[in-house]
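This report is meant for someone meeting this structure for the first time.

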Amino acid sequence: MADAQAGAAAGPDWLIERRRAGAALAEQLGLPTTKAKGWEFTDLSELEGAVFEPALEGDPEARSRADAVLNAPEQAPRVVQVDGLSLDGHLDSGKAEKPTEPVVASLDAAIERYPRLVEERLGSLAAKEDPFVARNDAAWRGGAFIYVPAGKRLELPAQVAAVQDTAGSALGFRTLIILEEGAEAEVWEQWLATEDGGDGLFNTVTEVWVGAGANLRYVTAQGLSESGWVFATQRAEVERDATLDWVALGFGSGRGKVRMETRLAGPGSTARVTGAYAGDGSQHLDFDTTQEHAAPNTTSDLAFRGILDGEATAVWRGMIRVDPGAQQTDAFQENRNLLLSASSHADAIPGLEIEADDVRCTHAAAIAQIDAEQLHYLRAHGLPEADAKRLVIEGFLEALVERLGEGPVRAAVSVALERRLGEILGEREVAPA
């Protein structure tokens, strides 16, 4: 695997020291094997000894060549990065304690402008004793920073895009989202690749704070090269009476793992997580989700659905964790998979760890092929087999879309799922980033 220090950017002393520590820890930890908990279904042996050159400068024109998963609203504040080049998100020079208005900027720019704030928050949620977090600490460049002060509202959805444009490259990306008490925001983040960006490695870390009484909708979409690797470590902390609505789409990459952790840290906090993945060919998609209830009277609701064709495989592992004292927890999780071919395969592994006695925690998992009776019924009513098959799949995915409220996110997710289904069934259209 690429040297964790390669391509690391400069910065203040504290950041340089973190990069050195991350590189040393990455070297010490090595890569997890299939004997490590959580990695039983994802073999990283091909990464051993592999060399990925760091993604440094980038081509601004690649932004228009990336095939976007979500068509973002126009005129929204945005941060776009191509390889190691930040195209947007610049800030005025000088230093300040904290922003007084909402900010959407590159993380590099935020470090220059708000050094104490970023130093305090960056790395506070993501587990440092982790091989991929350590590598990210050592080598991320550019990044994204979204901050909404107490009582303020980000009027338009913030757009974040990281584009991998260099074949055989390693791109480390970092996102820091902070909503102070009573703040409101919507953030759309996409990880993309151009046709030239295949066979690479994308490693990202996201840390999200949702302050007391705040409200965040966070949408992530992954459309990287199907011949590349993705590793994502995402952790959100939700404070008292706050709400997080998290939507995740996973369509690209060949192998890797996406870890999504939500910690309900304050009484009355709520998290709703909705995810969809769709694999084809030899793709292997791995999602690991955690709903941690660390305070009483908290609610979480997670639903993931996947469709797999060809020889694609997927694994979803979900954990509901209820800490001591987190009474009156209400938690639900489900994962349902639809296999479109006899060679595709899915594993669904729900789990519960409960250390409180006044809780309601439930889970469900299902793996099935297209119902032959449904196909027979539709064909008996005059639909060709291909149209009948597509209608059944669309109905399976529509149940997930219905979890999203009316508005731009629901419309964009619906279109994204329809496009991906068209790709898997043999159609393809290209949308701009």
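How many helices and how many strands does the protein chain have? In this predicted model, the protein chain has eight helices and 20 strands. Its radius of gyration is 21 Å, close to the 22 Å that the globule rule gives for 433 residues, and the chain is therefore as compact as a globular protein of that length. Among contacts with a separation of 6 or more, 84% are between residues 24 or more positions apart. Further values for the whole chain are set out below.

| Property of the protein chain | Value |
|---|---|
| Span of the C-alpha trace along the principal axes | about 70 × 50 × 45 Å |
| Share of buried residues | 58% of the 433 residues |
| Accessible surface | about 17400 Å² |
| Part of that surface belonging to carbon and sulfur atoms | 47% |

**The largest pocket**

The largest pocket holds about 610 Å³ of space. It is lined by 26 residues, of which K37, R259, E261, D288 and T290 are the closest to its centre. Two or more lining residues come from each of the elements α5 (131–139), β11 (229–238), β13 (255–264), β15 (284–293), β17 (313–322) and β19 (345–354), and it is β17 that gives the most, with four residues.

**Helix α5**

Is α5 largely enclosed or largely open? Nine of the nine residues of this helix are buried, so α5 is largely enclosed by the rest of the structure. The buried residues include F132, R135 and D137, and what covers the buried residues of α5 includes α1 (13–29), β7 (169–179), β9 (201–210), β11 and β13.

**Residue E237**

Strand β11 also contains E237, and this residue counts as buried because its relative accessible area is 14%, under the cut-off of 20%. Leaving aside neighbours within four places in sequence, E237 is in contact with L125, V208, W209, V210, R263 and A265. Between E237 and E292 there are 55 residues of separation in sequence, while the distance in space is 9.5 Å, C-alpha to C-alpha.

Notes: Residues are numbered from 1 along each chain as its sequence is written. This is a predicted model: local features need pLDDT of at least 70, side-chain atom pairs count only at pLDDT 80 or more; totals for chains, interfaces and linings use all residues. Side-chain values use heavy atoms; hydrogens and water are left out. On a 1 Å grid over the protein atoms alone, a cavity is a set of points where a 1.4 Å probe fits but cannot get out, and a pocket is an open set with protein on both sides within 12 Å along at least five of seven lines; lining residues have an atom within 4 Å of a point. Grid points are joined across faces, edges and corners, and a volume is the space filled by probe spheres set on the points. The radius of gyration is taken over C-alpha atoms; the globule rule is 2.2 Å times the number of residues to the power 0.38. Buried means under 20% relative accessible area, exposed over 50%, partly exposed in between (1.4 Å probe, protein chains only). Contact means heavy atoms within 4.5 Å. Accessible areas come from the Shrake-Rupley method with a 1.4 Å probe; for residues, only the protein chains shown count as cover.
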